[in-house]
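Work through the exercises below with the model open. Try each task before you read its solution.

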Amino acid sequence: MESVKTGVLIIDAAYRVRFVNQTVRDIINKSWPTDGCDVHCFSYLLGREEPCEDCLLKSDPLSLQQKSATIKKNDGSDVFVRFQVSPYGDGHVITVLDITREVSLLRKIDLNRKEQQAKNVLLERRRRQALDEQRQIKELIDHLPEALLTVDSDFVIEGQNRTVAEMLSPKTAQKCYQLLGGTAPCRDCPAVGGFAALDDVKKMHQLGERYVTESISRSPLGAGGLLLFRDTTRQIQLIEKIREQRQTLTSLAELGALMQKVSDLESVVDHFLDLFLSVLKKENALLVINDIRPATIWLVSRRGVCPEDALKKVTRAYLSRNFQGSRQSELHVDMLPWPETRQFVLRGRNGALVGLLLLEGVVQVPEEKELADLFVEPLGIYLDNRLLSRKLEEKANTDPLTGLYNRGYFEQALLEEKEKFCRFNMNFAVIAADVNRLKKANDDYGHEAGDRLILKVSELLRKNVRATDILARTGGDEFVILLTDCDSGKLRRFNERLNCETFQGIFIEVGENEQFPVTVSFGGAATDTCAIEMLMHEADKEMYAAKEKFYQKELRYR
């Protein structure tokens with residue numbers, strides 16, 4: 001049996017080894033002692049001093065028994081074996097099979113299965129995020145104040161938003177002209193020859209006592225068209241009441257066309273204020289316009305006399321939480337720039353605050369109030385539409401993994417905060433954050449583990465920032481936070497909360513019964529203690545100092 005390729009031991013009833021072939025010695029990498037007459041199987045094979053508790057010899061001796069075990073070789077490595085025991089004369093034969101390769105293969109298969117499960121979980125999460133983004137975009141389109149629909153080259157309706165059913169009829173229409181009560185394409189329809197050459201072509205329709213303006217463009221999705229209907233009934237009715245004021249009508253038409261065609265907001269606002277003051281025969285006005293982020297301003301424009309200190313006072317009051325976070329209709333009289341000031345709060349279709357228009361003087365005559373509303377209401381709707389468009393554009397300024405803002409968006413927001421600081425002396429702060437040992441997580445556990453580490457840091461940071469703050473991922477392991485209305489004291493307390501509470505004792509799972517610590521190095525600077533042009537430099541400097549302090553306690557990874 002010495003030449004048999006299967007490991008064989010023969011033992012007596014007292015567990016003493018009477019024969020061991022070369023295959024067994026090779027498997028366990030252990031030579032047979034020269035004085036091995038009283039060597040026991042449990043000692044030679046497993047290094048034990050007593051028989052195994054689950055020894056196969058204690059079972060039915062007439063049946064073939066088997067068990068698996070791990071044997072420590074002389075070189076310190078493990079070998080996995082399977083023992084089979086069968087009766088042999090007065091003793092037993094133990095067959096030893098090396099199953100190390102099979103065990104390693106099973107472990108590798110199990111690890112691959114777990115990795116695939118993790119990938120499936122990540123893919124499912126990304127799929128849900130994509131569906132959520134699609135739903136949010138659809139909701140934004142559904143809440144547009146205009147009726148929006150797409151048609152194919154034969155005018156068949158392919159899609160429409162919620163406003164179509166509210167504004168146009170009948171609801172069973174299959175073609176666009178049926179929505180207007182027609183049985184054939186409208187007379188002088190600019191799309192009869194196709195949509196390819198059309199770009200925001202306007203056409204007016206009268207539906208009984210109502211008026212709608214149609215904007216026709218080629219569809220970005222195919223050979224059809226994109227139709228936008230706006231209910232202009234109120235504007236037309238008011239215009240008819242003041243038909244004699246032909247200059248006003250001409251100016252309103254120019255303003256409407258400007259709102260539709262010119263993308264530069266400042267140009268539209270300048271034209272509006274010039275027209276508005278001319279029609280109402282006033283000289284001084286101030287217009288403040290919201291941005292898409294809470295408590296931030298997109299544009300401030302003024303005409304006539306408005307002192308700089310009065311402008312700052314109005315802006316601060318407008319940005320206050322008392323005004324932004326409520327349905328407060330007007331600023332307090334102490335905040336107004338002129339003794340007699342008429343306030344027009346600009347709101348969108350759903351009542352959201354979009355701006356504030358202040359006019360020196362009192363508008364008392366009913367005709368003047370109607371005329372003012374004729375200009376102010378379309379401005380509110382126009383600004384609401386522009387803000388909705390900016391929200392859609394904002395989707396392109398996010399990091400695909402975390403959903404946070406990217407570097408480009410952060411830099412634009414930082415410019416806006418710098419301008420606000422220079423104009424209104426409103427302090428702000430920035431925080432630079434760097435995830436520790438991300439490369440180690442990637443190298444040791446795979447990029448899925450690195451992604452989970454980044455997502456965990458994003459989740460914890462997002463829970464700590466306010467709606468007015470900007471949280472962005474600017475690199476692989478780099479994050480920045482823009483804290484609005486924040487001085488060095490508030491910054492210090494915020495940093496302490498992150499270091500002492502938020503990121504204490506946080507881990508992610510990287511394998512079976514194995515965790516990886518989540519740690520981040522932070523640095524910050526605020527405008528009340530640091531020059532504005534050195535803000536990011538000082539924040540980075542503090543962050544690198546924190547990282548060096550971290551690596552004084554932890555082993556630095558390459």
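**Exercise 1. Charges over rings**

Over which ring does the charged end of Arg342 sit, and how many Å from its centre?

Solution. This is a predicted model, in which local features need pLDDT of at least 70, side-chain atom pairs count only at pLDDT 80 or more, and totals for chains, interfaces and linings use all residues. Residues are numbered from 1 along each chain as its sequence is written, and side-chain values use heavy atoms, with hydrogens and water left out.

Step 1. Apply the rule: a charge sits over a ring if NZ of Lys or CZ of Arg is within 6 Å of the ring centre and within 35 degrees of the ring normal.
Step 2. Find the ring. The charged end of Arg342 sits over Phe344, 4.5 Å from the ring centre.
Step 3. Look at Lys30 too. Its charged end lies over the ring of Tyr44, 5.7 Å from the centre.

**Exercise 2. Aromatic pairs**

Classify the pair Phe155 and Tyr177, then the pair Phe272 and Phe276.

Solution. 
Step 1. Set the cut-offs. Rings of Phe, Tyr and Trp (its six-membered ring) pair if their centres lie within 6.5 Å; planes under 30 degrees apart are stacked, over 60 edge-to-face, and the rest tilted. The rule gives 11 aromatic pairs.
Step 2. Phe155 and Tyr177 are edge-to-face, with 6.4 Å between centres and 65 degrees between planes.
Step 3. Phe155 is in the loop between β6 (147-151) and β7 (157-160), and Tyr177 is in helix α5 (residues 176-179), 22 residues apart. Helices (H or I, at least four residues) and strands (E, at least two) are DSSP runs, numbered from the N terminus.
Step 4. Check burial. Buried means under 20% relative accessible area, exposed over 50%, partly exposed in between (1.4 Å probe, protein chains only). Phe155 is buried at 11%, and Tyr177 is buried at 10%.
Step 5. The ring centres of Phe272 and Phe276 are 5.3 Å apart and the planes are at 15 degrees, so this pair is stacked. Both residues lie in helix α8 (residues 265-280), four residues apart, about one turn of the helix.
Step 6. Phe272 is buried at 0%, and Phe276 is buried at 1%. Together with Phe344 and Phe375, they form one aromatic cluster.

**Exercise 3. A serine in a strand**

Is Ser217 buried or exposed? Which backbone atom does its side chain reach?

Solution. 
Step 1. Ser217 belongs to strand β9 (residues 210-218).
Step 2. Its relative accessible area is 16%, so Ser217 is buried.
Step 3. The Ser217 side chain reaches the backbone nitrogen of Asp200 at 2.8 Å.
Step 4. List the contacts (heavy atoms within 4.5 Å). Leaving aside neighbours within four places in sequence, the partners of Ser217 include Phe195, Leu198 and Gly225.

**Exercise 4. A leucine in a loop**

Where does Leu331 lie, and which residues does it touch?

Solution. 
Step 1. Leu331 is in the loop between α10 (321-324) and β13 (341-347).
Step 2. Leu331 has 6% relative accessibility, so it counts as buried.
Step 3. Not counting residues up to four places away in sequence, Leu331 touches Val314, Ala317, Tyr318, Phe323, Leu336, Gln343 and Leu356.
Step 4. Take Gln343. Leu331 and Gln343 are 12 residues apart in sequence, and their C-alpha atoms are 8.0 Å apart.

Methods
A polar contact is a pair of N or O atoms within 3.5 Å; within protein, one must be able to donate a hydrogen and the other to accept it, and residues adjacent in sequence count only if both atoms are side-chain atoms.
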